[in-house]
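This report describes one structure, shown below. Please look over the sequence and the model before reading on.

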Amino acid sequence: MTAPASLRPEMTAALMARTGLSDEILDRLVRTFYARVRQDPLLAPVFAARVTDWEAHLQRLTAFWSSVALMTGRYHGRPVAHHVGLPAGPDHFARWLALFRATASEVCPPEGAAHVIAAAERIALSLQSAMARHEKGPEG
Ligand code: HEM
């Protein structure tokens with residue numbers, strides 16, 4: 001298994017060894033997960049209203065997961081800015097996480113699934129609180 005290009009090659013190699021993850025597995029995770037999101041009656045409309053170029057979106061999301069899970073530094077974006085103002089509340093997040101957990105458990109080795117699920121849960125919480133703060137306005 002070749003290591004992905006990384007800004008921190010030793011850390012990436014150690015994370016790959018510990019989790020069994022690779023850019024190939026993360027690519028499969030992202031593609032399988034968003035194929036399910038696009039079939040989901042609750043989530044699909046939120047994405048359909050915003051994502052026009054799915055291939056570009058999937059490649060950004062694979063870079064994001066490579067940065068988060070393997071510390072490659074491949075993603076340069078501002079995820080919070082893309083979520084504030086979205087019509088998505090606690091039910092959407094619960095569904096997103098349920099689909100993500102199921103997909104990660106199928107696609108990744110067990111240690112890798114636990115690693116990406118823990119990260120998704122952490123990031124989902126911080127996105128939700130940023131979205132809630134945004135809705136309340138600056139006085140909060
Ligand atoms: C209810 C849950 C969620 C919904 C409905 C949602 C929806 C969306 C939508 C519509 C976009 C495209 C925004 C645009 O291009 O204008 C997007 C982008 C993105 N989402 Fe989510 N999202 C959810 C949860 C999450 C979670 C939990 C994560 C991370 C673990 C995440 C990570 C990202 C990233 C990295 C992008 C790309 C931002 C960029 O273009 O740089 N999302 N999301």
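## Charges

Lys and Arg count as positive and Asp and Glu as negative, while His and the chain ends are not counted. The place of a charge is taken as NZ of Lys, CZ of Arg, CG of Asp or CD of Glu. On this basis the protein chain carries 15 positive and 13 negative side chains, and 3 Å separates the centres of the two sets.

## Basis of the model

This is a predicted model, in which local features need pLDDT of at least 70, side-chain atom pairs count only at pLDDT 80 or more, and totals for chains, interfaces and linings use all residues. Residues are numbered from 1 along each chain as its sequence is written, and side-chain values use heavy atoms, with hydrogens and water left out.

## Fold and overall shape

Seven helices and zero strands make up the pattern α-α-α-α-α-α-α along the protein chain; helices are DSSP runs of H or I with at least four residues, strands are runs of E with at least two, and both are numbered from the N terminus.

The C-alpha atoms of the protein chain occupy a box of roughly 45 × 35 × 25 Å along the principal axes.

## Burial

Of the 140 residues in the protein chain, 41% are buried (under 20% relative accessible area, with a 1.4 Å probe and protein chains only).

## Iron site

The iron atom of the ligand has a single donor from the protein: H83, through NE2, 2.0 Å away. Donors are N, O and S atoms within 2.8 Å of the metal (3.2 Å for Na, K and Ca), and water is not among the atoms, so sites may look incomplete. H83 lies in helix α5, which covers residues 79–83.

Definitions and conventions. Buried means under 20% relative accessible area, exposed over 50%, partly exposed in between (1.4 Å probe, protein chains only).
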